[in-house]
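I opened the notebook to go through two chains, one entry at a time. Here is what I looked up.

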Amino acid sequence: MKRQIGFLFPLISLTILILGLSLQMFNFPPLGKLLDPFEGIVQNGYDNLDYNGSIHGMAGLSNQVKIFFDERKVPHIYASNTEDLYFAQGYITASLRLWQMDFVSYISAGRLSELFRDPSYLDYDRRQRRMGFLQAARESLSLMQKDNETVKLLSAYTKGVNAYITGMEDRNMPLEYKFLNYRPEPWTNLKSVLILKYMSGLLTGYGEDLAMSKAIITLGQDQFNRIYSDYNNYGSPIINDSSQVSAQIPSFLQKPNYLDYSFLSSGTVLPPSLFNPKLGSNSWAVSGKKTSSGFPILCNDPHLGLSLPAIWLEFQLTAPGINVYGVSIPGTPSIIIGFNRDIAWGLTNGLDDVMDWYKLKISNDLKNYEFEGEWKKMQLTVEEIKRKGQRSFFDTIYHTIHGPIVYDKRFVDNQTGLLNFALRWEMHRPSNEFLTFILLNKAKNYKDYDAAIRHYTCPVQNFTFICKNNDIAVNHQGKIPVKWPGQGKFILDGTKCAHLYRRYIPEDSLPHLLNPYCNYVFSANQRPTREGYPYYYNGYFLESRANRIHELLEKENNFDIAKMERMQTENTNSFAAKAIQELLARVDNSSLNSQQQHQLQVLNLWKGAYDFDDTSANFFETWWKNVVNYTWDELKSYDFPLPFPNNYILLDLIRTHYSDPWFDVKSTSPRENAMDIITSAFIDALKESDKQKEKGLCKWSDFNKVSMMHMTYIPAFSRVNIPLAGHPDAINATSGGWGPSWRMIVELGDRPKAYGVYPGGQSGNICSNYYDNFIETWSKSRYYPLHFYLTMKEAQDNSTSVWILRQ
Amino acid sequence: MKYTRYFFNIMLVTIVIVIIWITQTILSMVWWGFAVPVWLLGALISYNKWKIHTFSIGFVAGFLTWSVSNLYFELNYNSEGLHTIASVYRFSFAILLLIAGLIGGLLTGLALYTGEKTISYIYPRRKKSDMVKADVLITNVINNEK
């Protein structure tokens with residue numbers, strides 16, 4: 001017995017120890033695997049970017065491919081045909097960013113329950129499946145498979161990724177896999193499409209339909225149109241042509257007859273607004289007639305969530321018929337924003353509302369819905385959600401002609417207001433965005449560019465374009481349904497045929513400009529047209545940056561790269577510059593003490609700049625925030641919160657309606673006017689500012705901190721609290737976790753000259769020197785020269801390492 | 001005698017370290033794969049009835065391998081991977097190395113010890129009192145024959 005215990009005890013202890021160190025325990029990853037010196041985390045210190053030599057076993061390549069890495073480890077790929085080129089792009093992307101692209105595909109598909117046990121991930125996955133991401137990706141993939149070129153290049157990319165996964169040794173597996181205790185799965189074409197749908201969801205997934213419906217019912221159409229108007233007097237639209245005036249589309253929206261309290265569920269809870277006003281971008285193009293070189297210049301800085309690994313990956317792709325440089329999204333082939341020898345292009349978010357909710361009338365047995373007086377049977381699909389360590393969850397989703405029912409009694413998700421509503425989202429319609437970029441990458445002129453962007457449907461994007469021959473253009477591009485005035489701004493009636501969209505705004509009628517007389521084009525998420533455009537459309541447009549860009553482009557006539565760099569990193573908020581003057585003019589000086597008067601004098605000198613060391617910027621922010629809160633206090637008094645109206649609307653109210661009832665603070669008995677609000681807001685702001693000064697917070701950069709979070713939100717993998725200049729309403733739109741995810745300036749000519757930077761690094765390996773090495777340059781508003789090589793010899797002569805992919 | 005014993009122990013520790021290195025770098029098995037040949041070594045030690053404190057030898061060898069190897073790779077690659085992981089859990093790098101060493105030490109020590117005990121289980125050792133009885137038995141047989 002003693003002998004048996006003497007043997008069994010150590011054996012069992014050994015077994016338990018091995019098991020315990022191989023599994024995730026509490027919040028600790030498997031410590032045995034993690035700290036193993038031979039295959040654990042320490043092995044991720046090996047940086048494959050330091051490798052120099054051949055890589056064999058590339059099944060799927062027809063010829064060898066050479067990749068020259070420059071000093072910033074941007075890969076310059078030289079292939080002998082386009083299939084090999086995209087294969088190589090897939091291989092390199094996987095080498096550098098495998099976990100990132102894999103993880104995003106899981107997020108998009110609603111598969112996080114396979115990786116994490118926490119039950120909240122099941123809710124997330126159910127939401128993703130019901131919102132239709134996976135289904136949309138499947139349908140788009142079916143469409144893409146009908147286009148030979150797309151499927152050929154997409155499949156080549158997939159093969160490249162899989163070649164990397166197959167050849168990868170366990171010790172080189174990305175750190176995140178080890179940390180989260182799972183392994184990469186084979187890549188598929190579907191996963192690439194899922195990544196596109198994820199981007200689409202980020203850029204169009206916001207809606208205010210329910211809030212606006214509540215607003216127009218509660219406030220009445222007159223007040224609604226005063227404060228939630230689609231247009232204001234401060235825009236700088238894409239189309240300047242005021243001759244396109246049409247009396248047919250009024251900007252005043254009538255309250256739809258069907259929309260009343262009984263139409264909307266009573267007692268609905270509106271979820272907090274997910275609107276992210278920082279999710280926008282800037283892009284402008286200037287013809288050679290306004291540049292000192294005589295050649296056109298294009299600038300683009302897309303604003304996205306700043307994350308690590310960075311959202312973009314730089315490449316130069318070269319094969320017969322194609323030589324293009326720019327940034328790609330890991331997991332998808334081709335260059336998304338960039339340039340070649342002849343053209344350059346940029347992207348900004350269109351911000352059109354392409355997401356609508358239809359209220360349904362459902363039968364008692366919950367299997368049918370009414371449409372034009374008849375019952376129609378709902379179609380149903382069953383989504384299997386696999387779960388780590390548990391049986392799969394099967395979610396039944398009901399579909400109507402409008403789209404899926406996202407929230408029902410089986411999945412309420414705090415959205416009682418949208419219960420049993422069907423979702424119509426343009427993202428659900430099959431589309432082939434890849435073809436747009438495949439064609440743009442090899443486009444040589446405006447005609448090629450125009451043909452390429454016609455394949456682009458969702459999300460609506462503004463494309464800016466320049467060509468070596470001095471053509472410049474901007475296109476508000478995508479599928480926008482033809483709507484009656486107000487359609488889509490409010491909840492729609494799912495029982496009525498008249499509420500369906502029947503057609504889209506014709507391609508040639510979409511807002512666009514080619515070679516305007518002013519010799520520049522620009523887009524910064526502003527409303528693309530003035531009133532009078534022949535089609536109604538609504539969206540979440542932002543005017544401040546566009547206004548400033550317009551001002552600067554109008555003033556200058558001799559642009560060069562240095563001036564563009566200063567412009568692209570400029571910190572002036574044109575809204576604030578206007579608003580401060582209006583506020584200063586309306587403060588009641590007589591009621592202020594000497595300290596307060598002094599502060600007014602200091603503010604008088606401020607021109608709206610959110611510079612690093614500025615000491616007035618934060619005061620204005622606090623002052624304006626108070627004015628907003630005190631004016632719109634009524635909107636917070638309802639049992640459902642309403643979004644605050646556009647800042648320009650309030651500015652107009654201050655200028656033109658001094659005694660408007662909106663300025664009356666409901667909780668006080670005297671009746672306030674604009675001056676009262678502005679003065680008390682000022683006094684309260686000064687008190688707050690004094691408290692902040694006591695804590696040592698004074699300069700704008702003390703308040704404006706930017707963080708680039710790793711996708712796991714682990715601070716040690718992220719870069720947090722970087723003090724910066726900038727503001728969401730300034731061209732340099734840095735704030736919180738958002739900002740210019742890529743800055744690019746391109747001047748075409750005999751040889752394109754380009755400069756760029758993004759806040760991150762080429763490598764997704766946390767241990768690599770190339771993980772975050774660009775951040776300092778980016779945060780100091782500096783740029784790197786982008787090496788666009790015309791020959792392989794140039795690439796070779798300037799390379800720091802070379803990979804040769806061989807069969 | 002004393003120095004021979006020390007030398008023998010050091011040699012054994014070195015052998016165990018080499019076994020761990022060869023298993024994990026050349027054979028590239030699962031992360032705990034080295035426990036199998038170490039277990040075999042423990043069995044061999046017991047089979048040959050070498051008087052070794054198997055757990056201590058194994059622990060020292062495993063501790064040194066895991067902690068020093070992690071340090072070596074971290075310095076060699078000039079990266080801060082382990083430092084980063086340490087900061088995730090708010091340990092110092094030294095504590096993390098210590099934990100790694102403890103894991104390696106415990107596993108190796110237990111594997112070597114289990115190997116020894118396996119042989120003891122299969123081939124039970126004769127007790128000293130039994131050996132004395134046998135001596136008496138043999139002496140009696142010889143005397144009877146005389």
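Is B:N78 buried or exposed? I note before answering that the model is predicted. B:N78 is exposed, because its relative accessible area is 61% and the cut-off for exposed is over 50%.

**Entry: B:N78 and its chain**

I placed B:N78 in the loop between α3 (54-76) and α4 (81-88) of chain B. Its phi is near 55°, a positive value in a residue other than glycine. Most residues other than glycine have a negative phi.

I then looked at chain B as a whole. I found six helices and zero strands. From the N terminus on, the elements run α-α-α-α-α-α. Of its 146 residues, 40% count as buried. I also looked up the contacts in chain B between residues at least 6 apart in sequence: 74% of them join residues at least 24 apart.

**Entry: A:N721**

I turned to another asparagine, A:N721, whose phi is also positive, near 55°. A:N721 lies in strand β23 (residues 719-723) of chain A. I list A:N721 as partly exposed, because its relative accessible area is 49%.

**Entry: cis peptide bonds**

Which residues does a cis peptide bond with omega about 0° join? I found A:C458 and A:P459. A:P459 sits in the loop between α11 (446-453) and β17 (461-467) of chain A. I noted another cis bond from A:L308 to A:P309, with omega near -10°. A:P309 is in the loop between β6 (307-308) and β7 (313-319) of chain A. Most peptide bonds are trans.

**Entry: helix α18 of chain A**

Does the span of α18 agree or disagree with the 1.5 Å a residue rule? It agrees: the 21 residues (674-694) should span 30 Å, and the end C-alpha atoms are 30 Å apart.

I checked the N-terminal end next. A:N673 caps it, with a side-chain oxygen 3.0 Å from the backbone nitrogen of A:M675. After the helix comes A:G696, whose phi is positive, near 85°.

I listed the buried residues of α18(A); among them are A:I677, A:I678, A:F682, A:L686 and A:Q692. The buried residues pack against α14 (574-585), α15 (594-604), α16 (617-631), α17 (647-656) and α19 (700-703) of chain A.

**Entry: A:D660**

I stepped back to the loop between α17 and α18 of chain A, where A:D660 is placed. A:D660 counts as buried because its relative accessibility is 5%, and the cut-off is under 20%. What does the side chain of A:D660 reach at 3.0 Å? I found the backbone nitrogen of A:W662. Leaving aside residues up to four places away in sequence, A:D660 touches A:R226, A:L653 and A:R671.

**Entry: helix α12 of chain A**

Helix α12 (residues 544-555) has twelve residues. I read 17 Å from its first C-alpha to its last, close to the 16 Å expected at 1.5 Å a residue. The buried residues of α12(A) are A:S544, A:R545, A:A546, A:N547, A:R548, A:I549, A:L552 and A:L553. Both strands and helices of chain A cover them, including β4 (281-286), β5 (297-305), β21 (520-523), α13 (561-568), α14 and α17.

**Entry: A:I804**

I found A:I804 in strand β28 (residues 801-805) of chain A. A:I804 counts as buried because its relative accessibility is 16%. How far apart are the C-alpha atoms of A:I804 and A:F68? They are separated by 8.8 Å, yet the two residues are 736 residues apart along the chain. Not counting residues up to four places away in sequence, A:I804 touches A:G53, A:S54, A:I55, A:Q64, A:V65 and A:K66.

**Entry: the second largest pocket**

I ended with the second largest pocket, which holds about 620 Å³ of space. Its lining has 33 residues, and A:Y46, A:N48, A:Y164, A:M168 and A:N172 lie nearest the centre. The elements that give two or more residues to this lining are β1 (53-55), α3 (82-109), α6 (148-167) and α7 (175-180) of chain A. Which of them gives the most? I found α3(A), with eight residues. By class, I noted 16 nonpolar, twelve polar and five charged residues in the lining.

Technical notes
Residues numbered from 1 in each chain as written. Chains lettered and ligands numbered in written order. Predicted model: local features only at pLDDT ≥ 70, side-chain atom pairs only at ≥ 80, totals over all residues. Heavy atoms only, no water. Helix = DSSP H or I, 4+ residues; strand = E, 2+ residues; numbered from the N terminus. Expected span 1.5 Å × (residues − 1). Buried < 20%, exposed > 50% of the residue type's maximum accessible area, 1.4 Å probe, protein only. Contact = heavy atoms within 4.5 Å. Polar contact = N/O pair within 3.5 Å; in protein donor to acceptor, adjacent residues only side chain to side chain. 1 Å grid on protein atoms, 1.4 Å probe; cavity = no way out; pocket = protein on both sides within 12 Å on 5 of 7 lines; lining within 4 Å. Points joined across faces, edges and corners; volume = space filled by probe spheres on them. Nonpolar A, V, L, I, M, F, W, Y, C, P; charged D, E, K, R; others polar.
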